[in-house]
Amino acid sequence: MNPLLELFIASFLNHNIALVYILGMCPLIAISTNVKNAFGMGLAVTIVTGLTAVINWPIYQFLLSTGTEDLNLLVFMITIATTVQFLELFIEKFIPKLYNSFGIYLPLITVNCIVLAVSLFFVNRTYTFEETAVYGFGSGIGWMLAIVLLAGVREKMSKRSDLPKGLTGKGIAFVILGILALAFIGFTGIANVTFGN
Amino acid sequence: MKKFFIRLNYTKGFNVLKKGFWLENQVAIAVLGICSSLAITNKVENAIAMGLGVTFVVMASSALIALIRNFIPSQVRMVTYMVIISSFVIIVQMFLKAYFPSLANQLGAYVGLIITNCIVMGRAEAFAVKNPVKYALVDGFASGMGYMIVLLAASTIREVLAFGTFLNIPVMGEGWVPWTIMALAPGGFFVISLFVWFIRDRQQYVEGGN
């Protein structure tokens, strides 16, 4: 198989960033009470993750060339915050309908771990530019898959389930996520990508 | 002695401590900072390093934000927090790399991800901007320790079951068959869900909505 295609499949199935690497959990659990919102959030995260990965890659090469790569965290965070801000302005101006449906979710993405995690992973795994772009968008899609699956189950459960009091709401979300993660282990080997670390 | 405890109950510092540590335990009640508490709790040493790192960052950033809270314009406060938090995380990262290189290697990207740990940001926004430095410090300490306690407990269970070791020392004897699943993501989810259940049940805390 084409190595880029393989990386793409790995990034959302057997190396799913939410269910295998357990990243981006706070928004995943907080915004998964119904499928519609979950889908909107997933879409926004996919766009931001892909874009910031593509933007951060050349910036990191520049940092490397000047020997200041220890500052990468600070620089990545600023890129991410700026990208989210610009995206918000852009969508508000040109696609107001989409802006209204995103609402509060867009600014929240700044603190979603997966956006920063993808940028840190391409540093750790020394990806090329193409690999970074594919991995960025693939991870975003994987996260969207996870949040939509979780929201689907939670939406149904909220209507007809009799849970112990301590487990209602976010408690049961962990159990559902655990079962989903078990299912995703079943994808092991679907695409062979060796990740350092 | 009894009088001392009764008086202690009414001081603000003690109440902040109790709230952060137990009543509003960041992991179990507020469900914040979950990524790292799930991802790195398969080894006790990772949990200790992560807990201490997060506690340091929460305390330092809360104190600094509380110190300059009157000078931060509210429109740019998020970016200000981000820059302050990132700087402290870089300190933690360089410290780990210099003194504990193997641990830094194991934790990998998760040290950098302390920046997006919701606890740090949440404490800054919910507490540090409204309170003086000394309470911000106490609150940061309590939240960090409340987080670390859950991490320690969860990682103890997971390491013993998954590898048969505690702090890399074998404890389960010869014939122990490791539960591989405990080292992987699902084990983390199940163990943390048990803690959430236990702590919420002890506190009679019931979440509204679904």
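Predicted model: local features only at pLDDT ≥ 70, side-chain atom pairs only at ≥ 80, totals over all residues.

Residues are numbered from 1 along each chain as its sequence is written, and chains are lettered from A and ligands numbered from 1 in the order in which they are written.

**Chain A as a whole**

- Chain A contains nine helices and zero strands; helices (H or I, at least four residues) and strands (E, at least two) are DSSP runs, numbered from the N terminus.
- Along the principal axes, the C-alpha atoms of chain A fill a box of roughly 60 × 45 × 30 Å.
- Of its 197 residues, 48% count as buried; a residue is buried if 20 or more other C-beta atoms lie within 10 Å of its own, exposed if 12 or fewer, and partly exposed in between, with C-beta atoms placed from the backbone.
- Take the contacts in chain A with a separation of 6 or more: 80% of them join residues 24 or more positions apart. Two residues are in contact if their C-beta atoms, placed from the backbone, lie within 7 Å.

**How helices α1 and α8 of chain A pack**

- Two packed helices are described by the angle between their axes and the distance between the axes.
- Helix α1 (residues 3–12) and helix α8 (residues 129–159) of chain A pack at about 30°, with axes 7 Å apart; axes are lines fitted to C-alpha atoms, for helices over the stretch in contact, and angles run from 0 to 180 degrees between N-to-C directions.
- α1(A) and α8(A) are therefore roughly parallel (angles under 35 degrees count as roughly parallel, over 145 as roughly antiparallel, 65 to 115 as roughly perpendicular and the rest as oblique).
- Residues making this contact include A:Leu4 and A:Phe8 of α1(A), and A:Val134 and A:Leu145 of α8(A).
- By class, the contact of α1(A) with α8(A) has eight nonpolar, four polar and two charged residues; Ala, Val, Leu, Ile, Met, Phe, Trp, Tyr, Cys and Pro count as nonpolar, Asp, Glu, Lys and Arg as charged, and the others, Gly among them, as polar.

**How α7 and α8 of chain A pack**

- The axes of α7(A) and α8(A) come within 10 Å and cross at roughly 150°, which makes α7(A) roughly antiparallel to α8(A).
- A:Ile114, A:Val118 and A:Phe122 of α7(A) make the contact, with A:Tyr135 and A:Trp143 among the residues of α8(A).
- Is A:Ile114 buried or exposed? A:Ile114 counts as buried, because 29 C-beta neighbours lie inside 10 Å.

**Where chains A and B meet**

- The contact takes 40 residues from chain A and 38 residues from chain B.
- On the side of chain A that touches chain B, α9(A) gives the most, with nine residues.
- The residues of that side of chain A divide into 25 nonpolar, eleven polar and four charged.

**A residue in chain B**

- B:Leu152 lies in helix α9 (residues 133–163) of chain B.
- B:Leu152 counts as partly exposed, because 15 C-beta neighbours lie inside 10 Å.
- Not counting residues up to four places away in sequence, B:Leu152 touches B:Ala47 and B:Gly51.
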